[in-house]
Amino acid sequence: MESTRKRLITLLAKKKDEYISGQKLSDELNISRAAIWKQMKSLENEGYQIEAVSRKGYRIVRFPERMSVNTIQWNLKTDWLGQNMHFEEQVDSTQTVAHQLAREGAEHGTVIVADEQLKGRGRLHRPWHSQKGSGIWMSIILRPDIEPHRAPQLTLASAVAITKMLKFLTGVQPKIKWPNDIFVGDRKLAGILTEMQAEQDLIEYVIIGIGLNVNLDQKAVPDDLQDVATSIQLETGKAWKREELIQELLYQMESIYELFLQQGFSSIKQAWEQDAYRLGETITVKARRKEWEATLIGIHEDGALIVEDENQSKSVLYSAEIDWKKGE
Amino acid sequence: MLKVQEIRELIKLIDESSIDEFKYESDGTKVNLKKQVGGGQVVQSVVERNDAVVQEKPAPKVANEEEKPQPKTTPEEKSEEEKSVSADYDKEITSPMVGTFYRSPAPDKDPYVQVGDNVKADSVVCIVEAMKLFNEIEAEVNGEIVEILVEDGELVEYGQPLFRVKSK
């Protein structure tokens, strides 16, 4: 049912301004004309505007504002990523849904997209503001055959995919703040939350959660986030179709993921460092027992952060809080 | 400095060999392994090493001790040692990666487990975070938590024991 509908939309979308006869659709999809008519009605319910002219056929006049699995998938160019997709109007968190689906055996590459999250979260359950229709709130289930300690590199790979998509489609010049945030200037545009279920030597699944602010205007940004958050709309001065961004993002993710599996993280390192936030600048490192100022040098072959203190002594950091505030 | 893998290898080799006692010293690191004759058990073994994940320096010298209460020794020989000393536990849950150990899902939440709690193989017992990836660690064994070896927020190394479990 799902795929028939997807093929129907593809057929209609291909011939944008022309009509396609009910007979032709019926032949192509191998369903009755009555079934075609039913499909059209259900597409209308989803927000498509369909024009039916007798003796000419059907055409799509307007695509829905509302996102759905169909609108996200119809122009999706991936081989596997997002080919199994779930769309929810409203969820607590796409991460929670993804965990549940993964535990139930959801396949590698399954994607969960929500229009609105009530309890969108960052790490340590910090809330992520995810207002209805204003952003990309998405989780991706992966089942990579790699050692668990390499999984954090997937966060960095995802960051590279997001920056590629942004540069290619929107012209926004993003920076990657190690390890999991995307910044424009000194404001956060997107965050990545990677979670994993693994045994000692085996990954059961990895969930990559992405929160990306798209169509938030100044009024829509909560007061406490005015100075720290931004959106694509705020950066470009116009609203964006989320589906197009998701399609490009998944396409970039899929190719970077395959590169990562075939050639390892070092193949992504350069692209990552090219857009690294505050590279070569001074930051403050806060480890458990000490705190020191250091220069951000780059990342290690395995994605860990490399910093250098005033005595030219280098440290490789896997887990530390970085104070990014600019020094006085 | 010896790697965990190397120590693990050593214990295995000595365990299978006819050697009763083995001493090794290099760069301030001392390893002393001793078996009970005939029993094939390691009764003493101490390696002290720097516990920092961020930076590593050669550790100062060490004396032999009957038992070290701190969870700083490397995992394998510690467990071997403990096995022969007490029967309080028979399984250790170890860290699959370098990172920060968290006992609860969020700072204001209760810890996943306490000493005395019964866990199932799929119970989440802690989180190890590396590069902001939060890895929920499962017990992988049915039993009772008898000891928590690491403090909340502490850096842990690959293979480091986190919990001791008495399996059921």
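User: Among contacts in chain A between residues at least 6 apart in sequence, what percentage join residues at least 24 apart?

Analyst: This is a predicted model, where local features need pLDDT of at least 70, side-chain atom pairs count only at pLDDT 80 or more, and totals for chains, interfaces and linings use all residues. Residues are numbered from 1 along each chain as its sequence is written, chains are lettered from A and ligands numbered from 1 in the order written, and side-chain values use heavy atoms, leaving out hydrogens and water. A contact means heavy atoms within 4.5 Å. Among chain A contacts between residues at least 6 apart in sequence, the share joining residues at least 24 apart is 60%.

User: Is A:Arg278 buried or exposed?

Analyst: A:Arg278 is in the loop between helix H9 (266–274) and strand S10 (282–286) of chain A; helices (H or I, at least four residues) and strands (E, at least two) are DSSP runs numbered from the N terminus. A:Arg278 has a positive phi of about 60 degrees, although it is not a glycine. Buried means under 20% relative accessible area, exposed over 50%, and partly exposed in between, with a 1.4 Å probe and protein chains only. At a relative accessible area of 6%, A:Arg278 is buried.

User: What is the relative accessibility of B:Glu140?

Analyst: B:Glu140 lies in the loop between strand S8 (133–138) and strand S9 (143–148) of chain B. B:Glu140 has a positive phi of about 60 degrees and is not a glycine. B:Glu140 counts as partly exposed, with a relative accessibility of 43%.
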